[in-house]
Amino acid sequence: MNRTLFIKKILVFLGITSSSSQLIFSCKTEENDDVLTEEEKTYLYLKEKTSENGFFLDGKLLYIDTSNDLYSKLQNIGEFINDTNHYVLLLRKTEDKILALSNCCPHLGTSG
């Protein structure tokens with residue numbers, strides 16, 4: 001989040017009107033502070049897509065939101081979810097790594 005947006009939000013949270021443009025202006029830089037990076041745009045796009053169901057399937061790519069109730073178990077190391085709707089077993093291995101394993105049975109004739 002950029003500084004100007006952060007300050008505007010924190011001022012509202014604190015109950016201070018943003019009419020004090022001096023404070024906001026002092027955080028402006030020469031560059032446009034309101035421009036989002038591609039990473040931020042992608043994050044916001046995926047956050048919106050996963051907001052209702054906790055997942056978004058884009059072709060063969062499955063995006064999940066671990067803050068959604070369906071996948072919240074994955075916030076804890078060692079927890080797993082067997083997502084049979086998407087034929088994947090998800091395992092929280094470390095704080096920053098989730099393993100995704102196919103759970104398709106070859107003898108059932110599934111192809112995935």
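Now some housekeeping. This is a predicted model, where local features need pLDDT of at least 70, side-chain atom pairs count only at pLDDT 80 or more, and totals for chains, interfaces and linings use all residues. Residues are numbered from 1 along each chain as its sequence is written, and side-chain values use heavy atoms, with hydrogens and water left out.

On to the layout. The protein chain has three helices and five strands, and from the N terminus on they run α-α-α-β-β-β-β-β. Helices (H or I, at least four residues) and strands (E, at least two) are DSSP runs, numbered from the N terminus. Contact here means heavy atoms within 4.5 Å. Among contacts between residues at least 6 apart in sequence, 14% join residues at least 24 apart.

What about the surface? The protein chain exposes about 8900 Å², with carbon and sulfur atoms supplying 55% of it; these areas come from the Shrake-Rupley method with a 1.4 Å probe, and for residues only the protein chains shown count as cover.

Next, the salt bridges. I call it a salt bridge when a side-chain nitrogen of Lys or Arg is within 4 Å of a carboxyl oxygen of Asp or Glu. The count comes to three.

Let me take helix α3 to begin with. Lys 41 pairs with Glu 38, their closest N and O atoms being 3.6 Å apart. Both lie in helix α3, three residues apart, about one turn of the helix. Lys 41 is partly exposed, because its relative accessible area is 41%, while Glu 38 counts as exposed at 56%.

Lys 47 has a salt bridge with Asp 65, and here the closest N and O atoms are 2.9 Å apart. This pair links distant parts of the chain, with Lys 47 in helix α3 and Asp 65 in the loop between β2 and β3, 18 residues apart. Lys 47 is partly exposed at 31% relative accessible area.

So, is Asp 65 buried or exposed? It counts as buried, because its relative accessibility is 12%. The side chain of Asp 65 also makes a polar contact of 2.6 Å with that of Ser 67. A polar contact is a pair of N or O atoms within 3.5 Å; within protein, one must be able to donate a hydrogen and the other to accept it, and residues adjacent in sequence count only if both atoms are side-chain atoms. Leaving aside neighbours within four places in sequence, Asp 65 is in contact with Lys 47, Thr 50, Gly 54 and Tyr 71.

The remaining salt bridge joins Lys 73 and Glu 79, with closest N and O atoms 3.9 Å apart. Lys 73 is partly exposed at 43%, and Glu 79 is partly exposed at 31%.

Finally, Tyr 71 takes us inside. Which residues make up the largest nonpolar core? They are Tyr 71, Leu 74, Ile 81, Val 88 and Leu 90, five in all. Such a core is a set of buried Ala, Val, Leu, Ile, Met, Phe, Trp, Tyr and Cys residues joined through side-chain atoms within 4.5 Å. Beyond its neighbours within four places in sequence, Tyr 71 has contacts including Phe 55, Ile 64, Asp 65, Ile 81 and Leu 90.

Conventions
Buried < 20%, exposed > 50% of the residue type's maximum accessible area, 1.4 Å probe, protein only.
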